[in-house]
Structures are given as C-alpha cells and as structure tokens.
Amino acid sequence: MNGYAYLIWIPLLPLLGFVLMGLFGRTLRNASGMIGTLLLAGSTLLSFVAAYQYFFSDGKVNDVYRKITAFTITWLQFSPGVSIDMSLVIDPVSAMMLVVVCFVSLMVHVFSLGYMKGETRFATYYAYLSLFTFSMLGLVLAGNLFQVYIFWELVGVSSFLLIGFYYDRPSAVAASKKAFIVTRFADLGFLVGILVMAFYGQSLDIATLIGNLAAPQSAAYLSMTTAGFMGISALTWGLLLIFIGGAGKSAMFPLHIWLPDAMEGPTPVSALIHAATMVVAGVYLVARLFPVFSLDVSVMQVVTWTGIVSALLAALIACTQTDIKRVLAYSTMSQIGYMMFALGISGSGGEDGLGFMASMFHLFTHAFFKSLLFLCAGVIIHFVHSNDMRDMGGLRKLLPVTHVCFLVACLAISGIPPFAGFFSKEEILLAAYHANKPVYFIALFTAVLTAFYMFRLYFSVFWHKEPGHSPTHGEGALSMKLPLIVLLLCTVLAGFIPIASWVTVDGKTLATHMNPGFSVAPVVLSTLAILLAMRWYKKTSDTPDAAASALGPAFQTVSKKFYIDEAYLFVTRKIVFPFIGRPAAWIDRHIVDGAVNGIAGITGKLSQSVRAWQSGKVQSYALYFFSGIALLAIVFIYLWK
Amino acid sequence: MNLSLLVLLPVCTFLVLLLLQARFARQVALTGAVLQLLVCGYLLWQYLAVRDLGNTAPMLFETDQVWYAPLQIHYHTGVDGIAVAMILLTALIVLTGILVSWTIDKWQKEFFLLLLLLSAGAYGFFISLDLFTMFFFLEVAVIPKFLLIGIWGSGRKEYSAMKLALMLMAGSALVFVGLLGLYFGAGSFDMMTIAKTTLSQTSQSYIFIFLFSGFGIFAAMFPFHTWVPDGHASAPTAASMFLAGISMKLGGYGCLRVAVFLLPQAAHQYAWAIILLAAIAIIYGAFATMMQTDLKYINAYSSVSHCGFVLLGIGMLTETSVNGAVLQMISHGLMTALFFAAIGMIYSRTHTRMVASLGGLLKAMPFISTVFVIAGLCSLGLPGLSGFVAEMTVFMGAWQNPDTWYRVATVLACASIVVTAVYILRAAGKTIMGPLPENYAGLPDATWNEKTAAVLLVAAIVLMGVAPFLVTQLVHPGVENMMRQVDKLVTLN
Amino acid sequence: MNTVPLSHILFLSTALFFIGMYGLFTRRNMITMLMAIELMLNSVNINFVAFNKYLYPGKLDGLFFALFIITIAAAEAAVAIAIIINLYRTHRSIDVDDATDMKY
C-alpha cells in the first residue's frame, strides 16, 4: 500500500504497550517502564522514517506536497457516503505533528523512568502514558472528522486519568474532573459541529469534505451558506461549533480554566500533555480544516480574537502566579493563543498563508522549549519537594544542568535569537503586522510580558536568595538529565529547520523573508523586560511587592485570574445545581412519582370504602346472593318485557 | 435451527432445578446459562451462515404451528438480525447475572428458578412473530421480577416490587388493548400478515397510542419511568441486571417491532410526541441523576436518560437513527448490567451504596474499581466502548431528519453527554478516588465468579466499541428491512 | 283423581324453602345451617316432582333431577361436615361467626 503501510505501527506500538501494561502491570512492575519506552522508541523511529520519506522522497508532486492516505477501513457506516473510517493520512502538518508527538513523548517516557521511580503504580503510569500517546498519534494521523473526535475524546480521558494519577489527593481528583468536564463541554460543540458539517458536506472524510465545500459554487457550499438558524448560516454555525471544541482542548479563553488546575498531575505528564501535544490539538484541528475555515471570514475573526485575548490574558495572569507549574501553564495558554490567532489572520494560499505556516512553526518549536521547561520544573520540584517559587531560590549551583536548560528555554520562549522561539514568533508577528495592526500590537505587548514573567520565574528559582535546602540528593538519574540535554539541543536548533518549505497551507514552498529590521522592536523590548525582571528578582527586594500594591485592585483582579473560576463556580453551584438539578430531582420524586403514588392511593381509598362488604360472614354473602336472585327475578318477570 | 430450543433450554433447566436438591442449585443454573450462551452463539453462527448464502428473507428459521385455532393464535417464531442481537444480549446477561449471584444465601434454589423463568420469557418474546405469543412471553417475563425484588430485595422492597409490577402490568394491559385493536383491524395476530395489510389512519393512530405507551412503560419512557429508580434500587444485583439488561429491552424492542413496524403512518404522525418525551427523558433524567446520592439510584436514573436515546432514535424514523436505537439497546444492556454488577460487588463488601460514605476504593479493591470506572466511561460515551458507537449513531441519524425542532431536540440530547460526564465523574471521584476510609482498608477484591462476570461484560463492551461494524453488520439488514416497509407504506398514502 | 291442586303443593314447597332460608340466615350453628340448606334442596325436589307429575306426566326428567339433587345433597353434606369438622379442629367452634378469616 503506497509504501506507508508501516504507519499503522506508529500508533499500534503504544497501544500494545497499554494493553500489555494494563493487563500484566502487576507482574511486569518495574520492567513496564522499559517496555513502554522501547515500544515508543520504535514508534519514534518509524515516525522519523515516515517524515523523511514524506518530505524528502515521495511527498512532493509538481512542487506541491500532497495528502497521502496510507490506510482506510470503514469502521462504522451511517448512511451511504457518511461513515466513520479509520484512516491514516500523512500530509505536511500531520507528518510534522507525528514527529513532535513521538519525540516529546519519548523524552517524557525516558524522563519518567527516573522521575517516577519507586511509585507503587509505576506500571499504571506507563500504561496511561502509552494510552495517551496512542490516542494522540491516532488524532494526528486521522483522516476522518469523526475519527478525530474519537481520538479527541480518548486523549481527553487519558489526560483525565493522568491528572488524577495521585487519586488519593482530593485536589488532583477535583482537577481531573474539572479538566474532563470543561473539555467535554467544549466537545459538545465539536460534536454538534460535526453533525452540521456531515449533513451539509455529505461526508465525514476531511479531504472529501473540503472538496465538497471548498469550491465556492458547489451545491454543498451553496446549501450550507443559505441554510441557517437564528440568522446565522449553517457553515458559520458548523465552524464555530467545531472551533469551540478546539478552543476547549487548547485552553482558549473562556474555556481555559481547566489547564492551570491540570498541573496537579505528575510533572512529566504536564510536559507531554499540557504543554507540547494535547493542548495544541485545537490548533491542529483548525489547521486540518483550514480550507473550510478560510471560507468564512466571521469565524476567522472569532479565531483571531479568541487567540489574541487568550494570549494577553494568560500572560497577564502568569505575571502574578507563584506556583512554578501554574506560571508555565499560563505561558502555554498564551503561546497557544499565538498559534491560534496566527491561524485566524492567515490567508488561504501563497504569500497570504504566512500566518498558517508561522502557526505551525510555532507549534513545532514550542513543543520543544515548553516540554523542556516543564521537565526542568520536574527536576526542580523533585529536588525541592514544593511547587511554590517562594520556597526556591539560588538553585543554580545545585542544579547546573537544569539551570542551563531552563535559561535557554526561557530565552527561546522570550524570542531572543538565535533560539527556536525567536524564529517562529517573528513569523507570527510579521504575519500579524501585515494582516491586522491591532492584533500585532497586542501580540507585541504579550511578547514583552512573556519575557518578563519567564525571567521572573527564572530569577526567582535560580538566583533570588541563598538556597534553603541541604542537597539530600543530586539532580537526578541520567534518565532525567538525558532528555533535558536532547531537548536543549532541539531548542537551540529547531529554529533553523526550514519549516516554511515544508508545512504550508497549500503545500507549496513559502519564501520567508527574515527581516532583521522588523525584528529589532520585539527583541529589544523583550530584552528590556528581561532586564527589568533581573533588577526586580535577581536579589531579594521589595520592589515587586511595592509595584503590586501600587496597582492595587487591578493586581488583585489579575492574580485572582480575573475571577473567571469564581464565575464558573457561581454558574454551576448557584445556578445549575439549585435551579436545574434539584428541581428535576424534586419534580421526579414528587410530581411524576407523586402521580403514580397518587393513582395507587386513590385506588386504595376506593377499595377501602367497599371492602366492608367482604366481611367473611357466610350468611351475609348468602343474603347478598338471595337478594341478587330476587332482584333478577323481579327484573326478568316484571321489568324485562 | 429450531428456535424453540431457546425457550426449551431454560425451561428444562428450570425443571431439573426444581427436582434437584437445593445444594446443586447454582451449579445447575450456571450450566444452564452456559448452555444458553452456547446455543445463542450457535444461532448467531447459523444466522450469519444462512445470510452469507444470500438468503434475504426478512425472517429466518421460521416455524409456524397453530396454538389455538378459533382465535387464530399461532406459535409463530423467526428471527432477524435485531432479534439475534437481543437474544445474545439476553444470554450474556443471564450468565453474568447467575455468576454474580453465586453467594446469595437466602432460598438459593428459588432465586435461580425465577431467573431462569425470566430468561425463558425474554427469549420467547424475542423470537415470537405472533403477537399473542409475544404477549404471553412478555407476561412470563414480568411476574418473576415481582418476586425477585419482593423477596431478595433491600430497602423498601415491598413498595418497589409492587410499584414495578403494577406499572409493568399497566403497560401490559395497554399493550393488550393495542393487540386486540390490531387483531380486529387486520384479522390476524401474525406480525408478518399485519405488516402487509394497511390499516386506516384513524385506527392506526388509536392503536398506536396504546401499543407505544404500553411498551414505553417497559422502556422507561417519560413520564412512566418512575418504576425504574425504585425497582432498581431495591432489587438484588442480578435482578437489577436483568431489569436493565433485559426488561427495558423488551419495551424498546416492542416499540420498534410492534408499534412502529406495524403502524408506520401513526408512527410518523406521533413522531413529534415521541421525540419530545425522549428529549425530556434524556435531559431531565441526566439532571435528576446529578442530584442522587445512592449509587443504584444514580445508575437507575442514568438508565432513564440512556433509554431516552433508544426512543429518540425510534422517533426520528431514519434508518440510521433506528439503527442507533438498536445499538443503544444492546450497549445500554451491557453497560448497565456491568455497572449494577460493580455496584453490587461494592455493596456486598462495604454494606453501603451512599456516595458520601465511600471513597478511595481503588486502593482496597482495584479490580472492582476498574470495572466501575470502565462502566462509567462507557456510560459517558467514551470512544472504544459501546456507548459511544450507539449514541453517535443515534445523533447522526437524528440529524438526518431535517426538521429544525427535531434538531433542537437532538442538540439537547447531545448536551446530555456533558451532564453525564458530570454525574459519572462525581460518582467515580467520590467512591473510587480520594482518600480511603480506614474501615474499608482490608476489604477483599473480586472473587472468581465476579471476575468472570465482569470480564465477560467488559469484553462485550470493548468488542462492540472497537469493532462496531461486527454489530451493525448483524443489525443493519434487519433495520433496513423494517424501514423499507415503513417508508413504503407511508409513501403509498 | 286430581284431588290436590298443584298450588297446594307449590305452597308447601315455597313455605319449606323460606323456612330453610330463614334457618340459613338466623342460625349461627353450622350444622343447623346445613340442615336448613337440606330443607331448601328438598323444597326444590318437591317442585321438580310436582311439576313433572302435573305438567309432563309422560316424562321422567323431573324425577331424574330430583334424584340427582338427592345424590348431590348427600355428597354436599359429606363435604360440608368434613369442612365443619376441620373448622372445629382449628377454631374449637362450629359457630359461623367465628369463621370469618376470609375477609378483606
């Protein structure tokens, strides 16, 4: 089958790992970590082969990267033409994501060998990791919209299981529930969106769907734009609903509330799921359906503004948080906001497609430096046994490798050349500059904020004060350091990979203009922000507190995360439960069931009133009998004439 | 293959059990149940073999014998794919139900006798093509439930048993009136004959109300669902499994096979009412579930919500949605049986079903907790498990009906998947996760019989979830036949 | 020949019937009630025989019926006395008012 039949093994190997460790976890115990890692190493190798084969050997026909379907089986047929197919599709975006997911997952698998050592549920942990990797790979390779949804739900549930891994901690349980329910709520939108798209597009296969809808005069396109509900066309509804699903998974405002809480999970999990792979699924989804999205300007506007608002909001909140993982979580949200708005401002072909390319580029580089940051955070937490920045300080001598890695990753995310983040962020800013000026300025401001809060974190953890810890153990095993170093190399080098010639919206090479003059402003501003952070946080000082109190209620609002959590809690606790749930239960108990009991009661009352006739006295029965006869006799003789 | 074997086998087991001493009761019952499953497996194999040969008759393995000539009551049996699927489901539930009741200590023999009687009724119902025979078996399947709950139940068992029996009897009465209407309208009790005659619109619409609401009571249609929570909550584990896995399916199957198939025009006429009631049941059942504190009540109310999908699928009257309704019946049967089995296992150890007093069971009983979580995930429609396949087919099918208000109902039904997630995760989060109370620390995990039962059900759920094409391939031709009939009669007028 | 008119005989049987009925309703002793029932049966017998004789002298149907009733009355008496004995064993009484267990 067109030379890609081996692709099926990429998701199947982790699935095999999941089944093995799920069933025999108790007997495998510590070996399960190695088994999981080795199986995933196999997948990673295959994914490299696939990407190489695709990008360098047979992906390109006439200078355009085409979509290759490696494998299709009809999984569930709904009606002629509409079915869920399990297919594996490789195109530039999925090839890139394939590599990212496999690689980061492998790093996390290796890191966890050291980090999770001694856990009683070690095998379970690796089983869940494998399940997640399988689902994520399935999502990446999916060629059918419903298949995307299926794996979408599966990554959701593996995320749920992993966040709740420390299940005896009530906070972890609450966080896992929150993550699942919030994303489920968004998935509702996705599901209804799929129903709308499938009905009008007459297919669930993404390529066919695009083919059916993207031609401006096609019957499907016309029927979809003319049909509507509440004054909004079916196309807009469908895309908006699908975007809600994507926004939920990618923690976009206002559905982002689950992401910071999700940090209750083990730190390597945060690195894998809540930084590099699952949370970018929303971006990936929009990218896969990009030709359809670009048909509708209003939806693209929604995508843009959701992205930029999330980016700004998250950056503001990140400046005020003190939990190291929460800062990273908000920075993730902010960076995903970047990717999202870059998609929103992108055009659908040629040079207009810069935003699309930049978004994918940022997705690619972000995966490396963000997972590096999280893994470093893992080492730090492992060392300090606390998540709170205020418990840290002066760790640079105790954790030299981590220190270097963290510093480089911070530089990368702040967009300082020559690290990976610089290149991708510049592309995004450039695209924004050309497409939409207000968005550009907000993005620029966000970039500056990013530099500030990342270095606030860096200085607080590694400088700030003398270490309050006596080093009981070192930085950790080799298995923990090795992934850091590999990811460090990626962070340094990933920016030089010519994504522009591979991953573009129309498959053609995009000529990029690296414009040094344009880059001056962001880089200089970011450097200033870094210097400010250095001045405030390198040594213990009271300037930050003074600044905070000077801002007063504004600071309070931001540090309370704009009270969005409280708003949700208000809606669920004070509106949904008392005004919908409780009445429903009450009505059922008292009105519906009351009617049933009432009927039974009335019947009972009626029988009560006639039961005295049934006295048990033979003679009264005989009396009734004879009177009956007599009555009948009278009726027949005198009345029945 | 002779379908009567399906009825004869439980009856024979019943007789053997009756004659033997009580201490062999469970072995005999188990052997009988295993044999049932084997016979059903053989039926499936034969069915597929015959279909593969290109036999496209609507019903296979038909036999027709006069039972009572003056009223033209025949013992007429035959199966299509839908019936075969239901029969397999029944066999699986019977086997697992007997396995989880292995350690029941009160009147063991009588308990298994009643279970076997119930299964005989269910098989007879699914194979009948004669309405009177069908009704006869329906009644056979009702009575044992009363005794099962009344004798072996817990809590307000007399009240619940009486309520369940009376409501189901009321359902039967309505069904019987409907059957008489059909008999006098079409001059026969035979389903295949009635299907060929077209009744007038007026008589159809009267008969339909009786038949659909009668079977609807069995299928927990809103507002006739209140027997479900009380009945399930009071019933012993196996009886809960039978109730949810078999009894409620009798209703759904009846609604589809008798009401919709025989009265297609009336079905179209009342589609709006069915959809309205189904949508209410789905949403309202889900919200009512959210407020429950007893695990059995949670599952019982969620059954109301899930059975709403069956009725929604039937009400939408598209081929895909009816297909989904059938899938949902199978899926709900498996899933709820598994859920009740898990709850029963937890209850037998902790002696409480209140969510608030449980916690952290994953530590004490990992196997049971895992089963519980799998059942929960299936209930909230996780892909890879059966619930997802069924619900999505219903949604897709429902959306094909282009009426805007029906679509609003569909969206509301979709919204229930969020509420489902809320109540399932709340229940699982409180009972399975969290800190383990000290008094539950040393409790034992599942025994062999419980493990076998759980593994069988989980395997079925996963098989259906991973390879739905196996099930649709069985069910779809039956649905297609039925819908062709329905559409033909409708377009005629 | 017909010196006794039919009406006399009917009067006798009716009187006998109502005497039986009176006994059945007023007596509490079951044996007495049984005897009252026998009276009623016999009044019916008289009717059968009389009607046979006066209306269909050529036929024997009425006599047959009378014979049937005598047979059944005997069987009935046996059954009734068995029931009464059993009641006496359980209730230590043959008063009909004490045997009112079969109520509501």
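Tutor: Let us start with chain C, where a compact globule of 104 residues would have a radius of gyration near 13 Å, whereas chain C has 17 Å. The radius is taken over C-alpha atoms, and the globule rule is 2.2 Å times the number of residues to the power 0.38. This is a predicted model, in which local features need pLDDT of at least 70 and side-chain atom pairs count only at pLDDT 80 or more, while totals for chains, interfaces and linings use all residues. Residues are numbered from 1 along each chain as its sequence is written, and chains are lettered from A and ligands numbered from 1 in the order in which they are written.

Student: What box do the C-alpha atoms of chain C fill, and what secondary structure does chain C have?

Tutor: The box is roughly 55 × 25 × 25 Å along the principal axes. Chain C has 3 helices and 0 strands, in the order α-α-α from the N terminus; helices (H or I, at least four residues) and strands (E, at least two) are DSSP runs, numbered from the N terminus.

Student: How do you know what share of chain C is buried?

Tutor: A residue is buried if 20 or more other C-beta atoms, placed from the backbone, lie within 10 Å of its own, exposed if 12 or fewer, and partly exposed in between. By that count, buried residues make up 12% of the 104 residues in chain C.

Student: Why does the radius of gyration of chain B agree with that of a compact globule?

Tutor: With 493 residues, the globule rule gives a value near 23 Å, and chain B has 21 Å, so the two agree. The C-alpha trace of chain B spans about 70 × 60 × 45 Å along its principal axes, and buried residues make up 63% of the chain. Chain B holds 20 helices and 2 strands.

Student: What makes two residues a contact, and what percentage of the contacts in chain B join residues at least 24 apart?

Tutor: Two residues are in contact if their C-beta atoms, placed from the backbone, lie within 7 Å. Counting contacts between residues at least 6 apart in sequence, 81% of those in chain B join residues at least 24 apart, and the corresponding value in chain C is 47%.

Student: Which chains touch, and how do you know?

Tutor: There are 2 pairs of chains that touch, and the most contacts are between chains A and B. In that pair, 42 residues of chain B are in contact with 38 residues of chain A. The largest share of the side of chain B, 10 residues, comes from α18(B), and that side divides into 29 nonpolar, 10 polar and 3 charged residues. Here Ala, Val, Leu, Ile, Met, Phe, Trp, Tyr, Cys and Pro count as nonpolar, Asp, Glu, Lys and Arg as charged, and the others, Gly among them, as polar. Chain C meets chain A through 10 residues on each side, whereas chains B and C do not touch, their nearest C-alpha atoms being 18 Å apart.

Student: What makes a group of residues a nonpolar core, and which residues have the most contacts inside the largest one?

Tutor: A nonpolar core is a set of buried Ala, Val, Leu, Ile, Met, Phe, Trp, Tyr and Cys residues joined through C-beta atoms within 7 Å. The largest has 441 residues, and A:Leu98 and B:Leu338 have the most contacts inside it. Helix α16 (residues 354–384) of chain A gives the most to this core, with 21 residues. A second, separate core of 6 residues includes C:Met30, C:Met33, C:Leu34 and C:Ala36.

Student: Why is helix α11 of chain A called largely enclosed?

Tutor: All 10 of the 10 residues of α11(A) (residues 267–276) are buried, so the helix is largely enclosed by the rest of the structure. Its cover includes α3, α4, α5, α10, α15 and α16 of chain A.

Student: How do you know that strands β3 and β4 of chain A pair?

Tutor: Two strands pair if DSSP finds at least two bridges between them, and β3(A) and β4(A) have 9, in the antiparallel sense. Strand β4(A) is mostly covered, with 8 of its 9 residues buried. In the hairpin of these strands, which has 2 residues between them, A:Gly81 takes a positive phi near 90°.
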